[in-house]
Amino acid sequence: MVKISMIMPVYNSEEYLGAAIQCVLNQTMKDFELILVDDGSTDRSGKICDEFAKMDSRVIVIHQKNGGICRARNRGLEAARGDYIAFMDNDDEIASTLFEDNLKLAILHDADVVKFGNNSILMRDQEVIHVDHCKYTQFKVVNAKELKDFYPEWRNYQLGGFVWNGLYRNHFLKSVHAAFNEGHKYGYEDVEFSMRIYDKMKTLVVNPNIYYFWKQKLSHSTSLKVNTDKLRSIEYVIPIETELLQRLGANKSYVDFCTGWWFKAFLRELFALNCNLNLEEKILLLKSFKNKFGQIRQSNYSPHDIRLYVFLYNLDMFLLLGGVRKCVTVLLGKENGLLRKILYSDNRNREMGC
């Protein structure tokens with residue numbers, strides 16, 4: 001066995017793929033395999049994968065018919081021989097010491113999962129528009145008994161929002177039958193994957209250092225696209241998180257906060273500027289959401305904007321809801337520090353309670 005299996009789904013990314021592969025091959029730790037799953041690319045991506053495999057025996061290429069990122073990752077999981085698993089998207093980059101540094105932590109603490117920081121880089125062509133540093137505040141080792149109390153931190157700092165910001169013990173993933181839900185087409189598949197394994201971990205290590213560079217390209221990234229598949233994915237994860245919180249013993253008010261938070265995410269996608277649905281279609285989707293989930297209870301953990309959205313939703317004021325969401329989006333887009341403080345200062349670091 002090798003120490004680490006890096007799984008990289010590949011689809012029509014010929015412009016960026018070479019750089020992504022090369023930064024994996026440049027790792028300071030050499031005992032790894034790179035599994036490239038070509039998901040039916042129609043450009044030169046598949047050929048690029050084969051060319052790297054000819055040059056480096058650590059590169060393994062799997063060609064398959066197009067089935068989406070979840071199927072590609074699942075195929076990679078089936079093939080992986082490493083003690084630990086890592087994930088990477090085909091247009092991102094990683095620090096040269098990612099494998100070495102985080103594997104040391106995994107071995108030292110006998111961890112099922114190691115999470116590390118990332119930079120979220122918004123780009124237009126080759127121009128960097130904005131960079132967010134996404135990381136936890138300190139180094140931390142969390143054991144199984146501490147997972148319940150740590151969950152709000154896990155959630156607030158998006159530690160479970162992605163799979164490429166971590167190392168995962170291969171045996172652990174197999175023991176809990178971890179896999180990606182292939183019903184997800186655009187987004188939130190990482191969230192569901194993380195929720196399904198969260199309360200099964202025996203030891204979690206959180207490394208605050210940044211190793212992953214997530215490049216969201218306006219012309220390329222699926223994370224920036226809005227469609228009904230993305231909205232459907234949000235609907236998938238709501239009951240999964242509710243079940244997880246019940247297993248963790250979270251109080252009802254925190255569960256209600258999480259449901260309201262997901263409703264806000266649903267609104268954000270539905271009323272995004274690049275959403276091409278008309279108003280009638282948006283209202284129908286809001287009604288469908290309510291048919292599935294019913295009333296959302298107000299939570300004292302929720303900031304004021306979520307409370308407002310939930311209030312209007314519960315009264316079936318869908319048309320007004322859309323207008324309010326757009327107004328908040330515009331105001332937050334401007335550098336209005338007071339409004340940001342009012343909307344987002346509440347309850348960020350509260351614990352779940354019993």
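Predicted model: local features only at pLDDT ≥ 70, side-chain atom pairs only at ≥ 80, totals over all residues.

Reader: Fine. What does the secondary structure of the chain come to?

Author: There are 13 helices and ten strands. Of the 354 residues, 54% are buried.

Reader: And how many aromatic pairs does a search of the whole structure find?

Author: The search turns up 25 aromatic pairs.

Reader: Take Phe289 and Phe293. Why is the pair called tilted?

Author: Their ring centres are 4.7 Å apart, and a pair needs centres within 6.5 Å. The planes meet at 45°. Under 30 degrees would count as stacked and over 60 as edge-to-face, so with 45° the pair is tilted.

Reader: What separates Phe289 and Phe293 along helix H10?

Author: About one helical turn, because they are four residues apart in H10, which covers residues 279–293.

Reader: Is Phe289 buried or exposed?

Author: Buried: its relative accessible area is 0%, and buried means under 20%. Phe293 has 24%, which falls between the 20% and 50% cut-offs, so Phe293 is partly exposed.

Reader: What makes Phe289 and Tyr313 an edge-to-face pair, then?

Author: The angle: their planes are at 80°, and over 60 degrees counts as edge-to-face. The centres of these two rings lie 5.9 Å apart, again within the 6.5 Å limit.

Reader: Which parts does that pair tie together?

Author: Phe289 lies in helix H10 and Tyr313 in helix H11 (residues 304–314), so the pair ties together parts that are 24 residues apart in sequence. Phe289 and Tyr313 are both buried. They also belong to one aromatic cluster, along with Phe263, Phe266, Phe293 and Phe318.

Reader: How do you know that Lys290 lies over the face of Tyr313?

Author: Lys290 is at 5.0 Å from the ring centre, and the distance cut-off is 6 Å. Over at Trp261, the charged end of Arg155 sits over the ring, 4.4 Å from its centre.

Reader: Last one: which residues form a nonpolar patch on the surface?

Author: Leu308, Phe311, Leu315, Met317 and Leu320, with about 440 Å² of accessible area together. Leu320 has its place in helix H12, residues 318–333.

Reader: Why does Leu320 count as partly exposed?

Author: Its relative accessibility is 43%. Exposed would need over 50% and buried under 20%, so Leu320 ends up partly exposed. A patch member needs over 30%, and Leu320 has 43%.

Methods:
Residues numbered from 1 in each chain as written. Heavy atoms only, no water. Helix = DSSP H or I, 4+ residues; strand = E, 2+ residues; numbered from the N terminus. Buried < 20%, exposed > 50% of the residue type's maximum accessible area, 1.4 Å probe, protein only. Phe/Tyr/Trp six-rings, centres within 6.5 Å; stacked < 30°, edge-to-face > 60°. Lys NZ or Arg CZ within 6 Å of the ring centre and 35° of its normal. Patch = residues over 30% accessible without salt bridge, like charges linked within 9 Å, V, L, I, M, F, W, Y side chains within 5 Å. Areas by Shrake-Rupley, 256 points an atom, 1.4 Å probe, with all protein chains shown as cover. Salt bridge = Lys/Arg side-chain N within 4 Å of Asp/Glu carboxyl O.
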